[in-house]
Amino acid sequence: MSLVADQVRRLDAQLDRIPFTHLTSYDATRASIDLDSPRVKDLQRIIKALSAASGSQNVLPAWHIHSLISQSNLLSENGEISPNQYESELEWMLVSKATVQTYGVILDTLLDQIIPLNDHIWYWDDVLSSPTYSSLYMVQTSPIRLLVWTREIYADSKTRFQQYTSGSTFAAGFNAESNTGSIEASISQQWRRFYAIVKESIRERSFANLQRKIMSPVALCRSEASRKQAKLKKLREMTSSGLGVLIDEGLAFVGSGSDDGKSDMILSANQEWKGVVERSVALMDMVLKDVLSLSVGVTEFEDRVFAGVEEDPELSIQADDDEIHRPAVVARRIQDLLETHLPEHLKAAEMIVAENGRPSRLVRYWLPATVLLLSSTTILRIFVNRKQEILDWIRDFGVTVRDFWFNWVVDPVRKVVATIRHDANSEIAIMSRDSLKADRESLERMVVDFALDKPNAAVGASSISESQVAEIRAKVHEGDVTPILRAYEKDLRSPLMGTVRGDLVRTLLIQVQKTKVDIEVAMSGIDTLLKSQELVFGFVGLTPGILVSVGVIQYLRGVLGGRKGFRETRKAGKCVRVLRNIDRILSEATPSPNNLLTYKDHGLLVCEVHVLRRLAHSLLPVDIEKDFLEDLDDLANLKGIQSQLRTLDRIRWAYSKWLR
């Protein structure tokens with residue numbers, strides 16, 4: 001809900017609390033008949049439609065208010081039938097409700113006009129503060145300047161040539177029967193005269209505008225920007241003053257707390273609510289008529305508005321109309337406001353902003369658009385010549401993205417899932433599962449066969465028993481091959497004889513098998529270690545793909561507009577800037593004798609508070625936003641500049657968590 005909606009809801013509630021005690025002496029039977037009349041029911045229906053609590057939209061649009069007033073038949077010419085007391089009071093209530101809604105429409109209109117002016121003023125600040133921007137503005141507006149200059153030369157030359165031709169028409173009548181051969185000479189003479197006139201117009205215009213001779217084109221553009229900025233600032237001041245007048249003096253139904261020392265034209269201890277409605281309508285009319293008068297000062301504008309309301313001939317204290325027909329007069333005036341004055345005001349304001357605001361997009365971007373248009377054929381030719389390369393690049397890019405997704409994201413995820421499920425096919429292994437068992441059994445057979453073939457070398461006896469064979473098998477399983485080492489040591493005493501006649505080669509080969517078994521035992525330990533950390537390795541393999549995917553997704557979200565955090569940061573920055581503007585308004589304001597803001601400063605303050613409410617709506621939690629709106633109401637109300645500064649400090653420290 002906006003600030004204007006809150007104001008309209010508050011005023012509507014005040015109207016609903018107005019008592020009708022003077023109707024208690026009305027005859028009960030007659031009252032029952034009057035309350036059941038179709039006229040009373042229609043008025044009640046329209047009043048309910050005009051109430052702020054009748055729907056989700058607290059401020060009705062202008063066309064809807066206009067339509068409801070037309071349905072009330074207050075503007076009909078049938079003045080012979082006088083309404084009864086109930087109908088008269090209901091007509092006044094209807095007019096009052098319509099006045100409150102019109103009041104909200106006008107406040108919204110003025111707020112919507114003031115807020116965009118800051119963007120235009122900041123644009124001219126950029127142009128004036130930077131020589132680069134000043135030169136760019138000169139280039140952007142050069143076609144318009146050339147067009148205006150050409151039109152002026154053309155209009156001046158056309159006027160001069162018409163004067164020349166009209167002066168020579170009479171003389172040409174005497175020579176009508178002269179030689180036809182002089183026609184061509186006459187035409188050429190007229191063309192030479194026309195060129196001379198154009199040249200003379202250009203020279204005279206150059207002499208007339210000496211400023212262009214003295215100042216450079218950039219300086220002329222800066223002067224123009226400064227002039228337009230000054231008009232926009234004046235428009236903002238006047239509109240803010242009108243907004244402040246309406247907020248402070250319009251529809252002041254309650255007389256308590258109005259010790260601001262301002263105009264008591266509307267607010268008076270003995271003033272009844274009907275007179276307040278009449279004067280408020282007159283106040284809105286005068287504000288719309290004079291708020292765009294940029295040739296007067298703010299103080300003169302305020303005095304003119306108040307004087308116009310005091311001397312308004314349509315007020316009940318000035319006019320001689322019957323009290324019964326006063327609602328129709330007020331309703332007709334509201335209709336004129338909505339149907340004539342408000343559209344004219346909007347049109348005039350748009351013309352002022354269009355004349356003095358920043359240039360249109362066509363003016364600002366015609367240069368890059370022209371460059372792009374002129375180079376479009378070259379760009380198109382490049383795309384056509386490299387069509388196949390571009391298609392191949394797009395295809396390769398798609399294949400790369402697909403392979404990355406499946407090879408670095410999908411497959412690692414599948415492996416991690418298989419590891420979690422303890423799938424036998426997912427085990428990490430350096431060697432095959434049964435390799436160590438086969439090599440160990442082969443070593444046992446080699447050692448046992450050697451012991452059976454050479455019992456003297458193995459056990460030092462001529463024969464070997466089964467128990468000795470079993471013992472040898474057990475020792476070989478534990479890695480002990482002592483019989484082989486004994487025979488190997490014996491043959492090493494005479495290596496040549498051991499090689500030819502002994503068992504040196506055989507024992508050496510058995511030891512090679514023993515070395516192989518030892519290596520496989522070590523590899524088996526490493527295998528066991530890897531299997532215990534298999535899930536860790538799975539996540540390590542998945543991490544690069546996940547990180548790259550998340551980074552790409554975040555980048556695409558930022559590029560494609562899903563920048564909620566960035567938008568919130570920008571809104572918080574704007575809130576800080578609005579708080580700075582509020583502090584500046586309160587610090588530089590010229591207070592009244594009662595230490596209150598002037599109408600202009602109050603209007604500017606209300607605009608900044610309105611902007612702050614809209615920005616903070618999406619930044620604050622729901623429960624915090626209620627307290628924030630309450631503090632904003634304290635800031636916007638006229639309770640003294642020192643009180644408003646304390647409220648501003650409270651807003652800064654209480655909501656700094658969200659507004660930074």
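A cavity is a set of grid points where a 1.4 Å probe fits but cannot get out. The whole structure, a predicted model, holds two cavities of 30 Å³ or more. The protein has 26 helices and zero strands. Of its 660 residues, 37% are buried.

**Overall fold**
- Take the contacts between residues at least 6 apart in sequence: 78% of them join residues at least 24 apart.

**Where α9 meets α24**
- Helix α9 spans residues 217-249, and helix α24 spans residues 599-616.
- Their axes come within 6 Å and cross at roughly 90°.
- Angles of 65 to 115 degrees count as roughly perpendicular, so α9 and α24 are roughly perpendicular to each other.
- On the α9 side, the contact uses R236, E237, S240, S241, L243, G244, V245, I247, D248 and E249.
- On the α24 side, the partners are Y599, K600, H602, G603, L604, V606 and C607.
- The residues of this contact divide into seven nonpolar, five polar and five charged.

**The largest pocket**
- The volume of the largest pocket is about 1000 Å³.
- This pocket is lined by 29 residues, and the closest to its centre are N118, W122, R236, N581 and E608.
- R236 also belongs to the α9 side of the contact with α24.
- Four helices each supply at least two lining residues: α5 (85-129), α9, α23 (564-588) and α24.
- The most comes from α23, with nine residues.
- By type, the pocket lining has 15 charged, 10 nonpolar and four polar residues.

**The largest cavity**
- α12 gives the most, with four residues.
- The lining of the largest cavity splits into four nonpolar and four charged residues, with no polar ones.

**The second largest cavity**
- About 30 Å³ of space lies in the second largest cavity.
- L3, V4, Q7, L107, L111, I247 and V606 line the second largest cavity.
- I247 of α9 and V606 of α24 also take part in the contact between those two helices.
- α1 (3-16) and α5 each supply at least two lining residues.
- The largest share, three residues, comes from α1.
- Here the lining has six nonpolar residues, one polar and no charged.

Technical notes:
Residues are numbered from 1 along each chain as its sequence is written. This is a predicted model: local features need pLDDT of at least 70, side-chain atom pairs count only at pLDDT 80 or more; totals for chains, interfaces and linings use all residues. Side-chain values use heavy atoms; hydrogens and water are left out. Axes are lines fitted to C-alpha atoms, for helices over the stretch in contact, and angles run from 0 to 180 degrees between N-to-C directions. Angles under 35 degrees count as roughly parallel, over 145 as roughly antiparallel, 65 to 115 as roughly perpendicular and the rest as oblique. Contact means heavy atoms within 4.5 Å. Ala, Val, Leu, Ile, Met, Phe, Trp, Tyr, Cys and Pro count as nonpolar, Asp, Glu, Lys and Arg as charged, and the others, Gly among them, as polar. On a 1 Å grid over the protein atoms alone, a cavity is a set of points where a 1.4 Å probe fits but cannot get out, and a pocket is an open set with protein on both sides within 12 Å along at least five of seven lines; lining residues have an atom within 4 Å of a point. Grid points are joined across faces, edges and corners, and a volume is the space filled by probe spheres set on the points. Buried means under 20% relative accessible area, exposed over 50%, partly exposed in between (1.4 Å probe, protein chains only).
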